[in-house]
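Hi everyone, thanks for coming. Let me put the sequence and the model up on the screen, and then I'll walk you through a few spots.

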Amino acid sequence: MSDENRALVERFYAEVISGGNVDALDELMAPDFVEHGAPAGLPAGREGFKEFVRVLRTGFPDFRWSVDDWIVAGDKVVARGGGKGTHLGDFLGASPTGRPASWTAIHIFRVQGGRLTERWSEVDVGGLLERLREP
């Protein structure tokens, strides 16, 4: 099962985060999915996560995510990695700068019944927004 759980998370990153395909979330995420690190103003469920991906892809249309380390144990998949893209659109109140941006994060997913049911995220969004607003 651990190989299947990791493959599910790999597909999530490839199709949704790097590929921008929010419709894939209907298949990958359980209807009652909970995002424990939802940005302020966005619901913590699957529909809120779809909106977050739209916001991310508007701000960084060329955004790509890569995973450096994987830990798979039971129903949990932990991925430590980073993303990068060019800031070409509004992103959480930061006007486009045209500059490249990157950040790292650790995500913990819970997988049940072949679907993502929960995600915890550790990322310094405040630091990213501060860097985007620098001249």
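So, Phe 12: this residue counts as buried because its relative accessible area is 0%. By buried I mean under 20% relative accessible area, with exposed being over 50% and partly exposed in between, using a 1.4 Å probe and protein chains only.

Quick housekeeping: this is a predicted model, so local features need pLDDT of at least 70 and side-chain atom pairs count only at pLDDT 80 or more, while totals for chains, interfaces and linings use all residues. Residues are numbered from 1 along each chain as its sequence is written, and side-chain values use heavy atoms, with hydrogens and water left out.

Back to Phe 12, which sits in helix H1. Helices (H or I, at least four residues) and strands (E, at least two) are DSSP runs, numbered from the N terminus. H1 covers residues 2-18, so 17 residues, and reaches 23 Å from its first C-alpha to its last, close to the 24 Å expected at 1.5 Å a residue. That expected span is 1.5 Å times one less than the number of residues. After the helix comes Gly 20, with a positive phi near 75 degrees.

Now, the rings. How many aromatic pairs does the structure hold? There are 14 aromatic pairs. Rings of Phe, Tyr and Trp (its six-membered ring) pair if their centres lie within 6.5 Å; planes under 30 degrees apart are stacked, over 60 edge-to-face, and the rest tilted. Phe 12 and Phe 49 make a tilted pair, 5.7 Å centre to centre with 45 degrees between the planes. That pair links distant parts of the chain, since Phe 49 is in helix H3 (residues 46-59), 37 residues apart from Phe 12. Phe 49 is buried, too.

Phe 12 also pairs with Phe 109, edge-to-face this time: 5.3 Å centre to centre, 70 degrees between the planes. Phe 109 lies in strand E4 (residues 100-112), 97 residues apart from Phe 12. Phe 109 counts as buried because its relative accessibility is 0%. Phe 12, Phe 49 and Phe 109 are among the members of one aromatic cluster, along with Trp 65, Trp 70 and Trp 103.

Last stop, Val 34, in strand E1 (residues 29-35). Buried or partly exposed? Val 34 counts as partly exposed, because its relative accessibility is 30%. Val 34 and Phe 49 are 15 residues apart in sequence and 8.9 Å apart in space, C-alpha to C-alpha.
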